[in-house]
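Subject: Structure handover

Hello,

Here is the structure I said I would pass on. My notes on what was found in it follow below.

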Amino acid sequence: MKTTVFSAKKIVTMNPQKPEASHVAIREGRILAVGSLEEIATWGDYELDERFADKVLFPGLVEGHAHTMEGTLWRYVYCGYFDRMDPNGKTWKGNKSIEDVLASLSAAEALLEDPDAPLTGWQLDPIYLDNKPITRAQLDSVSATRPIGVMNASGHILYVNTKALELAGLMKSGVNHPGISLGNDGMPMGELKGPDAMTPVGEHVGLNRSMTDSDERGLRDFARLCVRTGVTTVTDLAARLEPDGVETMLRVTGEPNFPACVVPLRFFLGLPPKELIPEVARLKKLSTDRLSLGRIKVVADGSIQGFSARMRWPGYHNGAPNGLWYISPEQMQEIYELALAEGIQVHTHTNGDQATQLAIEKLELALKKVPSNDHRFVLQHCQLADRAQFKKMAALKMSVNLFANHHFYWGDEHYRLTVGPDRALRMNATRTALDCGVPMTIHSDAPVTPLGPLFTAWCAVNRLTASGRTQGEHEKITVDEALWAVTMGAAHTLHMDGQIGSIEIGKRADFAVLESDPREAEPEKLKDVEVWGTVQGGRVFAAADA
Amino acid sequence: MPEALPVTIIGGYLGAGKTTLVNHLLRTANGRKLAVLVNEFGALPIDEDLIEAQGDDLISIAGGCICCSFGSDLSAALMNLAELKVRPDQVVIECSGVAIPSAIAASVSLLDGFVPDGTVVMVDAETIQEAAVDEYIGDTITRQLVDADLTLINKADLVSAAHVTQLETWLRTLAPSARSLVAEHGKAPLDMVLGLGANPRESQQMGHADGLFESIALPCPSSLNGEILARKLTSDPVHIARAKGFFVDELGALKALHIVGRRFDISDAPENAPLGIVCIGLKGQFDGDLIRKTASEAL
């Protein structure tokens, strides 16, 4: 049995028993020992690897809410407002105006050889571009002859050109749909809101019907982004997990150089609860070291900025009607009860505080029928929960994954428009969650915002919005707390805290290899800590080679 | 291009009886080829004796009907349906218990080859009034009712006659554009729920085996102002659940008239469509003489 010992400038363990060390021994992809070389030598022969002599080894970062489809999206034209790094490590400049967006699209268009090939863009966010949707006429200026579609950063709006509308048969007057705005000429303007408005056009602009599933190349590209951001375990939070998809994921993650452990959650739609739970129990048994199956994702409501989240009184700040349920309360409880009985973990998307309240109440009822001491049910996003709700969650042993990045990207909108000043301050209440004793992690929801747990930690520590305001001073957490959240906190929410999240004997040899110790970073510089790469299951992956 | 497929939307909260109704429609399809789309977690709650064959995505049902489920993307399911070799006569969408029917209808209207043909909302006589004020789902239920062209009051046998009367009054406020009908054990006549098919007179003559509803055929002289007639037929005290037929308008064009509840639609008719308008309604609510008299004022 070969033992490799890495020396490092410093090893930060996240294990309170031994917070720092100089050496770590790896055997069979797991951590054999952490400490001084003398302590480690007691295990017998080893091979000393000093390549990290000037690096800091940190527990591999864990992203508890992302979607692997980001890997696929990078094959389209990046139209976002902020600079963003692609899987190759290239940072694409943000598009600061509609003209920039059109220029990015035109540059990509010029490279297409097939005159009929669609041109696809992603991550457009008109909120930053004077809050005006990009129009059909503007996209026609890029090309009038090939179909063009650009996805909104939310993934729930598509902007298309005239050709795309023609191909879908929608370039006509008399279209009557709340998701399709019409111009003065009575024709669609090119903005398509919601999946039902998007789908008829999507396939003509290069977006297939099951785009939430990343394909093989997308999965590999996404894993390269993980290496660049120090992530060794990443969730795919709403996977359909049909037989083909599971086979693909097993095969690709099983490739010798696949650098991450992927944790796909089975999306709740598609099977009635009585069939869903046994199916997920079956999937759980297929798990490998790099594909951890056997969890369920339930979606309770929509999004706050889309006004489809379910809000308690007094509702939306701008008077919009309450949002939509994506599951009935009865069905939520049925899934909870069946999953508890089978020991299957359920993660529930709740954005609005009414959705959070429903999930709490339904779990409480379910636990009365099916008691469980360690169910690890998690609320995902949970952006508007108040102190009373966090206390109740703690009492029920629920965990939470708060959307710290959202606060930075859309906090100003929430303050101004969606929920108003009072509730904007308490959104993604990391301080309150910890004070109430709720195990907590924070997330990016990539591709909605960029993958990068150190950036996410920075968001929770500083609570800055994109305009530079500190929003919710009292909800800030410390650098140490934020770093715990993106390692042990996330591991807890996945019920993998025995295997990952700290550098500790018996755990998987998963490290983020950093240029400096993030605990010592100035809070406002936490996001700038450089990532050299990762070690995953004892295998070394340099970002430069990814 | 073939005529657009009519799509009937069946909504209503969990437990209101949507599945029972769908099974009843499949059982009484009587030669009409129905394509049923269900969205209750992908469950395909079709009575076993109706199933002829079951594939991965599609169930074949006696009489040429089919049933399939859709997840979060209805448009994709309808587009798949349009690619089937055997063309159905009619599409029935069974909504999820929390779906808003008007959103579904709007989505259907976007797709070439499909046309929304009525929204039927099932009402659980025992529980709906309580559910309509529930803190969590109350507004979902009231939004569903507002969208209804027809409300089907189910489980009326579990409450008193006085309760049903009170419920009907309540529904006139909550579902202002709907006609309300009482369904026995989740069963309502196919022609009422889905409309009268391609040839209304033929549908009418096939008879009303279940004896639950009545119908009349209005003769149509040439040069009819369809809009005036339609307005009369959709206003109180006339109580028509559905009507369909063909007439020649004042410009000599052959037109089709569709009525669902209080809503009507006039469109171009297929060539050689037989003249005449068939009106149907539930026994007890339907007054053929009144309809004839009202119509004659418009003719």
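B:Asp236 counts as exposed, at 53% relative accessibility. This is a predicted model, and the values here are computed from it. The side chain of B:Asp236 meets that of B:Arg262 in a salt bridge, with 3.2 Å from N to O. B:Arg262 has a relative accessibility of 25% and counts as partly exposed. B:Asp236 lies in the loop between α9 (226-233) and β11 of chain B, and B:Arg262 in the loop between β12 (254-260) and β13 (263-268) of chain B, so the pair ties together parts that are 26 residues apart in sequence.

Salt bridges in general

Side chains of opposite charge can pair when their charged atoms come close. Over all chains the count comes to 53 salt bridges. One of them joins A:Glu364 to A:Lys392, where the closest N and O atoms are 2.9 Å apart. This pair links distant parts of the chain: A:Glu364 sits in helix α11 (residues 353-369) of chain A and A:Lys392 in helix α12 (residues 387-395) of chain A, 28 residues apart. A:Glu364 is partly exposed, with a relative accessible area of 24%. A:Lys392 is partly exposed as well, at 32% relative accessibility.

The two domains of chain B

The domain assignment divides chain B into domain 1 (5-194) and domain 2 (200-298). Taken over C-alpha atoms, the centres of domain 1 and domain 2 of chain B are 23 Å apart. In the contact between them, 23 residues of domain 1 of chain B meet 23 residues of domain 2 of chain B. The two domains of chain B bury about 1,800 Å² between them, with 52% of it on carbon and sulfur atoms. Of the area that domain 1 of chain B buries against domain 2 of chain B, B:Arg179, B:Asp191 and B:Met192 supply 39%, more than any other three residues.

Ten residue pairs are in polar contact between domain 1 and domain 2 of chain B. On the side of domain 1 of chain B that touches domain 2, β7 (114-124), β9 (179-182) and α7 (190-194) of chain B each supply at least two residues. By class, that side of domain 1 of chain B has nine nonpolar, six polar and eight charged residues.

Three salt bridges are found across the interface of these two domains of chain B. B:Arg242 also forms a salt bridge with B:Asp117, their closest N and O atoms being 3.2 Å apart. Are these two residues buried or exposed? Both B:Arg242 and B:Asp117 are buried.

Chain B against chain A

Between the chains, 29 residues of chain B are in contact with 39 residues of chain A. The area buried between chain B and chain A is about 2,600 Å², and carbon and sulfur atoms give 57% of it. Two salt bridges are found across this interface of chain B and chain A. A:Lys172 forms a salt bridge with B:Asp112, with the closest N and O atoms 3.4 Å apart. The polar contacts between chain B and chain A come to 13 residue pairs.

Which elements give two or more residues to the side of chain B that touches chain A? They are α2 (74-82), α3 (101-110) and α5 (138-146) of chain B. The largest share of that side, five residues, comes from α2(B). By class, the side of chain B that touches chain A has 14 nonpolar, eight polar and seven charged residues.

Regards

How values were computed
Residues are numbered from 1 along each chain as its sequence is written. Chains are lettered from A and ligands numbered from 1 in the order in which they are written. This is a predicted model: local features need pLDDT of at least 70, side-chain atom pairs count only at pLDDT 80 or more; totals for chains, interfaces and linings use all residues. Side-chain values use heavy atoms; hydrogens and water are left out. Domain bounds come from an automatic or database domain assignment. Contact means heavy atoms within 4.5 Å. Buried area is the accessible area (1.4 Å probe) that two parts lose on being put together, summed over both. A salt bridge is a side-chain nitrogen of Lys or Arg within 4 Å of a carboxyl oxygen of Asp or Glu. A polar contact is a pair of N or O atoms within 3.5 Å; within protein, one must be able to donate a hydrogen and the other to accept it, and residues adjacent in sequence count only if both atoms are side-chain atoms. Helices (H or I, at least four residues) and strands (E, at least two) are DSSP runs, numbered from the N terminus. Ala, Val, Leu, Ile, Met, Phe, Trp, Tyr, Cys and Pro count as nonpolar, Asp, Glu, Lys and Arg as charged, and the others, Gly among them, as polar. Buried means under 20% relative accessible area, exposed over 50%, partly exposed in between (1.4 Å probe, protein chains only).
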